[in-house]
Amino acid sequence: MKIDAIITGGTLLTMNPAYEVLEDCAILIKSGVIADIVPLKKAQKIGADKIIDAEDCLITPGFVNTHSHLPMTYLRGLADDLPLQRWLGEYIWPMEAKLANESFVYDASVHGAAEMIKNGITMTADMYFHSDETAKALKKAGMRALLSRVIINPKGDNIAEEIGFLDEMRELHGEDGLISWAIAPHAIYTCSGKIFEACFDYAKESGTILHTHLSETKKERDDCLDIQGLSPLFYLRKLGFEKAKCIFAHGVWLSDEEIELLKDTSSTVSICTQSNLKLTSGIAPLKALTEKGANFAFGTDGVASNNDLDILSEASFTSQLHKTINDDPQFMPARETLARLTIHGAKALGKEDIMGSIEIGKRADLLLINHRNLQSANMYDPYSHLIYAIGKEQISHVMVEGKLLLEEGRLTTLNEDSIIDRAEEYKTMILREIKDVDKK
Ligand SMILES: [Zn+2]
C-alpha cells in the first residue's frame with residue numbers, strides 16, 4: 001500500500017470512545033484518511049511521500065468551532081464595551097449594511113480562515129451574508145466548514161429563495177467534500193415564527209442542520225415570555241424544532257425545563273463564553289447541561305464580540321470559570337474539555353463518523369502541538385498540560401483531510417503577510433466610512 005504521509009512518534013490523544021493515549025506509534029495517511037496506526041518500529045519499513053516527525057508533540061484531533069461569523073474579522077475592535085442590542089443595532093448592523101459586500105466577505109473570510117488554522121480549528125460552523133464567498137475563501141484555505149447564509153426576516157413566511165440558494169451552493173461546492181451547508185434563521189427576535197416553521201420543515205425533509213442563535217440574552221428570553229407566553233426553546237418546540245438537528249448558539253438563559261427538553265434531541269448548544277461575558281449576556285448553564293446529558297461544544301462567535309479565535313484558551317477559561325461558579329474543582333476535567341473541543345463538536349456538526357477523533361478510517365484532521373518549552377516541560381498528564389498550560393502558539397502543524405495547512409508554524413495555503421496588508425487597507429476604508437457617518 002502506497003502511503004501519502006506518516007506521522008511518527010509523539011503522544012497521541014485519540015479521543016476515541018476508550019480515550020486511548022498512544023505512544024511510540026505512527027499514523028499512516030492515505031487519500032486524506034487515517035489508513036492505519038502502527039507501532040513505530042513497523043513504520044520504519046514503510047515508505048511515504050511525506051514523513052512528519054512528531055517527537056515532543058501532542059497529536060490531537062483538530063478543534064471544532066461550532067459557532068462563528070468569519071467575515072467579521074475586519075470589524076474587530078470597531079465597537080467594544082457595549083451590551084448586545086446596542087452593539088448590534090448602533091454599530092455592527094449599520095457597518096455591515098454599508099460595507100459587507102462580496103469582496104469584503106471574501107477577503108475577511110480568508111483572514112478569518114488563516115487565523116482559525118493558526119488556532120488549530122479544522123472545522124467551523126459559520127453564519128453570515130454572501131456565504132458563497134466564504135465558501136470560496138475556505139476552499140482556498142483547505143478548511144472544513146458547515147456554512148450558512150443568515151436569514152433575517154421578521155415578517156416573512158417564505159424560504160423558497162433560501163432553499164434555492166442552498167441547492168445552488170450544494171451544486172457548486174459539493175456536499176461530500178470539505179464544505180457542507182446549513183439553514184440559518186438568525187434568531188427568534190429577527191425571524192418570524194412562520195420562517196422558523198418553514199426552516200424546521202426544510203431541515204427535516206432535506207437532512208440539513210439548522211443553525212441559529214438562542215437565548216443569548218435575558219431580554220431575548222423575557223421578550224419571548226411576554227410575546228409568546230413561552231420561553232425560547234418551548235416557543236421553538238411549538239414551531240417544530242424537534243424535527244431537526246439544530247445548533248443553538250449561546251443558550252445562556254436556558255432553564256432546567258428547556259435543558260430537559262433538549263437532552264433527548266440531536267441538537268447541541270454552542271457555548272461562546274468570552275463573547276457572552278464581554279457583552280454581559282450572562283453565563284450558560286454548563287453544569288445543568290452536563291448533568292442532564294445534553295450535548296454542548298465550544299464556539300468562538302465572531303471576532304467583533306470575542307475578540308479572537310483562540311478556541312483553546314476559550315475552552316480552558318470556560319472550564320475554570322464553571323469550576324468556580326459551581327464551587328466544584330472536579331467539574332469539567334481537562335479530558336472532558338478536550339472532548340468538547342473535538343468529538344462533541346464533531347457530533348454537533350453531524351460529522352462524528354468522519355472526524356472528531358483519531359481513529360482508523362476517519363479523515364486525517366489533526367494537530368501537532370509542540371510541548372518542548374518552559375511552560376509545558378514535565379508533562380505528567382497530557383490533557384492537563386493541553387488545557388491549562390499550553391498556548392495556541394505551540395500548535396505547529398494543522399492537517400485537514402491529510403493536507404497540511406500549517407507546517408512548522410507557517411501557513412501553507414495562504415499568505416500571512418499579504419492578508420495582514422489587506423486588513424490594513426480595509427482599516428483605512430472603514431475609518432473613512434465612519435467619518436462619513438459621523439458627519440451626517
Ligand atoms: Zn453569533
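This is a predicted model: local features need pLDDT of at least 70, side-chain atom pairs count only at pLDDT 80 or more; totals for chains, interfaces and linings use all residues.
Helices (H or I, at least four residues) and strands (E, at least two) are DSSP runs, numbered from the N terminus. Domain 1 (3-61 + 357-408) and domain 2 (63-348) each supply at least three core residues; the bounds come from an automatic or database domain assignment.

Residues are numbered from 1 along each chain as its sequence is written. Local features need pLDDT of at least 70, side-chain atom pairs count only at pLDDT 80 or more, and totals for chains, interfaces and linings use all residues.

Leu-58 lies in strand β7 (residues 57-61). Leu-58 counts as buried because it has 25 C-beta neighbours inside 10 Å. The cut-offs are 20 or more other C-beta atoms within 10 Å for buried, 12 or fewer for exposed, and partly exposed in between, with C-beta atoms placed from the backbone. Ala-48 is 10 residues from Leu-58 in sequence and 21 Å away in space, C-alpha to C-alpha.

Strands β5-β4-β1-β6 form, in that order, an open sheet of 4 strands with mixed pairing. Pairing requires at least two DSSP bridges between two strands. The edge strands, β5 (33-39) and β6 (48-53), each pair on one side only. Strands β1 (residues 3-8) and β4 (residues 25-30) are antiparallel over 4 bridges. Thr-8 stands opposite Ala-26 in β4.
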